[in-house]
Structure formats: C-alpha cells, structure tokens
Amino acid sequence: MWQPATERLQHFQTMLKTKLNVLTLRKEPLPTVIFHEPEAIELCTTTPLMKTRSHTGCKVTYLGKVSTTGMQFLSGCTEKPVIELWKKHTLAREDIYPANALLEIRPFQVWLHHLDLKGEATVHMDTFQVARIAYCTADHNISPNIFAWVYREINDDLSYQMDCHAVECESKLEAKKLAHAMMEAFKKTFHSMKSDGRIHRNSSSEEVSHEFESDDG
C-alpha cells in the first residue's frame, strides 16, 4: 500500500525508536535522529560521471551513398557513383565545409562516427563489416581526395544491394592511407575466415583481394 513520504518517514521513526528501546532496555532519552525530508532528496538530481571515449581515425566529410549495379568490380567502377555523390555534395555545401565524420578502419569492422557541429563524435555510428566490402579505391578523376568503397547491404527480407559509399579526405595522402588500411583490414579478415573454415582453404588472399584497388600514384 502506498503511503505519502511524510507518513513513511513518521512510521520509520516510530519503528526505529521501538527497536532501540528493546535493544537497550533503558529509559534514557534516545539520541535525536536527524532526517532529511524525502521531498527535498527527491528534488536533488545528480549527473552520472561518464567516461569520454576518444576515437582514433581519420576526419572526413561523408558524401553519402548511392546504389550501384553489377557483381564484377574493376578499376573505375566507383567513378560514376562518386561523381553523382560529389555533385550532390558540392551543390549543397558552402565554400568551407568542415569534416562531419570520423572514419575508423579496424581488422573486422569499419566505423563511421558522425560528428556534431563542434566536431565531436556523437552516439550515432554506422558500422560496416569488412567481409561484406566488395571493393575500395582512392583513385578518382573528379578528386584525388576521395576514398570510396562498395558495400553489400543486407535488407530485412534477406535480399541485398550494393551501395557505394564515399568520403572526402583532407588530402590525397589521407585517402591513400585509408585505402591501404582497408587492404590490411581485409587481409586480416580473410585469414580469420579461412582459419575458421568459412572460406575454402585453397583460396588465397590474392585471389579474393584482386577487387580492391589502391593506386599509390
């Protein structure tokens, strides 16, 4: 049965005095017990201490994604989708467009942390499984600073589509670093899947990774 806070406080004080009388068996005056009003306590709010996680990665401007067709991804296959994304981006942006994301390439996953207006990572993050990345390249005619990858997105009905994602880096060197980092992540993922038996043991990383393009220039 629910009782108001004041009645619960009075009931608790009465029970406490009764228990103290039974334990001490003395008729000495009981010490004064000081309570804070529950209403006052309930109004006090505390902010939990949260650790701020630092992210390692490359600051980029995420240009978005566009669906692409085909199953064979050879050199130049991302050129058309990247041009489409670049045009949409340049029409919408101002002269100076700050980085809006942080791209972090890990051995088995790629994390795209979205940044707020202050340039800090938000809780919103897109995750890409390296095993489902079919192609990546940092070689684009429209801009040498663009890094793109083709990802196999699985829908709710278990069908899939191939999406081309693209980011603009601060320099051509940064774009190429991302391409090399993706290659290393792919090799580690491939060897892990091969040791687990998910890939035929006769396959080689060179045979599977020929789709990945990285022009050192």
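Okay, let's start with two cysteines: the sulfur of Cys-58 has its closest cysteine sulfur in Cys-169, 4.8 Å away, and that's too far for a bond. For a disulfide, we ask for a pair of cysteine sulfur atoms within 2.5 Å. Quick reminder: a disulfide is a covalent bond between the sulfur atoms of two cysteines.

Before I go on, a word on what we're looking at. This is a predicted model, where local features need pLDDT of at least 70 and side-chain atom pairs count only at pLDDT 80 or more, while totals for chains, interfaces and linings use all residues. Residues are numbered from 1 along each chain as its sequence is written, and side-chain values use heavy atoms, leaving out hydrogens and water.

Buried means under 20% relative accessible area, exposed means over 50%, and partly exposed is in between, using a 1.4 Å probe and protein chains only.

Now the overall layout. The chain has 5 helices and 7 strands, in the order α-α-β-α-β-β-β-β-β-β-α-α. These are DSSP runs numbered from the N terminus: helices are H or I with at least four residues, strands are E with at least two. Of the 217 residues, 33% count as buried.

Let's zoom in on strand β7, residues 160–168, which is where Val-167 sits. Val-167 is buried, with a relative accessible area of 0%. Leaving out residues up to four places away in sequence, Val-167 touches a whole set of residues, including Val-60, Leu-103, Trp-149 and Leu-178. A contact here means heavy atoms within 4.5 Å.

Also in the picture are the salt bridges, and the structure holds 4 of them. The cut-off is a side-chain nitrogen of Lys or Arg within 4 Å of a carboxyl oxygen of Asp or Glu. One of them pairs Asp-163 with Lys-65, with the closest N and O atoms 3.8 Å apart. Asp-163 is in strand β7 and Lys-65 in strand β1, so this pair ties together parts 98 residues apart in sequence. Is Asp-163 buried or exposed? Asp-163 counts as buried, at 2% relative accessibility, whereas Lys-65 is partly exposed at 46%.

Another one joins Lys-88 and Glu-84, at 3.6 Å from N to O. Both lie in helix α3, 4 residues apart, about one turn of the helix. An α-helix has 3.6 residues a turn, so residues three or four places apart point the same way.

Next, helix α4. Its 24 residues, 172–195, should span 34 Å at 1.5 Å a residue, and the end C-alpha atoms are 35 Å apart, which agrees. That expected span is 1.5 Å times one less than the number of residues. Glu-174 and Lys-177, both in α4, form a salt bridge too, with their closest N and O atoms 4.0 Å apart. Among the buried residues of α4 are Leu-178, Phe-186 and Phe-190. Just after α4, Gly-197 takes a positive phi of about 85°.
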